[in-house]
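The following exercises concern the structure shown below. Each task is followed by a solution in steps.

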Amino acid sequence: MYKVLLVDDEPYAIEGLELLIDWEKYGFRIGGACVDGEEAIRHISREPPDLVVTDIRMPVLDGFELIENTRRMGNDSTQFVITSGYDDFEYARRAMRLGVRHYLTKPIISAEADEMLAQLQKEFQERELRRLIRDSADRYHVRHALSVLLFGGEESERQEALRTLSHWAGQASVWTYLHIGTDAESSA
């Protein structure tokens with residue numbers, strides 16, 4: 001399930017988002033709600049959600065500042081949906097500059113929210129598939145490099161294997177390794 005954080009200074013707006021939208025139908029679950037951007041930043045830094053649905057106009061820190069601060073913290077994976085009762089093209093344009101591709105106007109219309117969640121679910125599934133493919137390719141390259149170094153290969157293969165492994169050396173804290181020693185083969 002993808003985690004969702006709702007952010008709005010109007011309690012009825014949060015309640016409406018919780019009750020009017022069938023989040024689980026699309027693989028989402030609400031993991032929290034915040035009344036302003038500042039509270040949301042604290043929540044995102046502790047427990048980054050997959051999706052934040054935020055109002056634009058809020059006290060303390062508005063929706064745009066919330067997005068900007070989240071990106072400045074180094075969180076590029078959380079997706080944002082902007083909600084607003086204001087039908088203003090400037091809001092939509094600013095949201096697009098911040099990488100937001102989904103915008104809902106208030107009051108929320110269930111059919112529009114369903115369409116948006118179906119699109120987000122597809123995007124999240126594609127992103128997860130790309131990550132799995134990338135991880136699989138990375139594991140293959142490491143296994144191949146280790147195999148070349150253990151069992152030999154041409155000089156160019158050994159150099160490439162060393163480059164590959166030196167790239168991964170920064171990840172050494174998460175590696176588990178086993179040193180295997182072998183005796184040289186004796187002639188019969």
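A cavity is a set of points, on a 1 Å grid over the protein atoms alone, where a 1.4 Å probe fits but cannot get out, and its lining residues have an atom within 4 Å of a point. The model is predicted: local features need pLDDT of at least 70, side-chain atom pairs count only at pLDDT 80 or more, and totals for chains, interfaces and linings use all residues. Residues are numbered from 1 along each chain as its sequence is written, and side-chain values use heavy atoms, with hydrogens and water left out.

**Exercise 1.** Determine which residues line the largest cavity.

Solution. Step 1: the lining consists of Lys 3, Val 4, Leu 5, Gly 31, His 43, Glu 47 and Pro 49. Step 2: sorted by class, these are three nonpolar, two polar and two charged residues; here Ala, Val, Leu, Ile, Met, Phe, Trp, Tyr, Cys and Pro count as nonpolar, Asp, Glu, Lys and Arg as charged, and the others, Gly among them, as polar. Step 3: strand 1 (residues 2-7) contributes the most, with three residues. Strands (E, at least two residues) and helices (H or I, at least four) are DSSP runs, numbered from the N terminus.

**Exercise 2.** State the order of the strands in the open sheet.

Solution. Step 1: two strands pair if DSSP finds at least two bridges between them. Step 2: the five strands follow the order 2-1-3-4-5, with parallel pairing. Step 3: strand 2 (28-34) and strand 5 (102-105) are the edge strands, each pairing on one side only. Step 4: strand 4 (residues 79-84) is joined to strand 5 by four bridges, and Val 81 stands opposite His 102 in strand 5.

**Exercise 3.** Explain why the pair of Tyr 2 and Phe 124 ties together parts that are apart in sequence.

Solution. Step 1: rings of Phe, Tyr and Trp (its six-membered ring) pair if their centres lie within 6.5 Å; planes under 30 degrees apart count as stacked, over 60 as edge-to-face and the rest as tilted. Step 2: by this rule there are three aromatic pairs. Step 3: Tyr 2 and Phe 124 form an edge-to-face pair, at 4.9 Å centre to centre and 75 degrees between the planes. Step 4: Tyr 2 belongs to strand 1 and Phe 124 to helix 5 (residues 110-151), so the pair links parts that are 122 residues apart in sequence.

**Exercise 4.** Identify where the cis peptide bond from Lys 106 lies.

Solution. Step 1: most residues other than glycine have a negative phi, and most peptide bonds are trans. Step 2: the bond from Lys 106 to Pro 107 is cis, with omega near 0 degrees. Step 3: Pro 107 is in the loop between strand 5 and helix 5.

How values were computed
1 Å grid on protein atoms, 1.4 Å probe; cavity = no way out; pocket = protein on both sides within 12 Å on 5 of 7 lines; lining within 4 Å.
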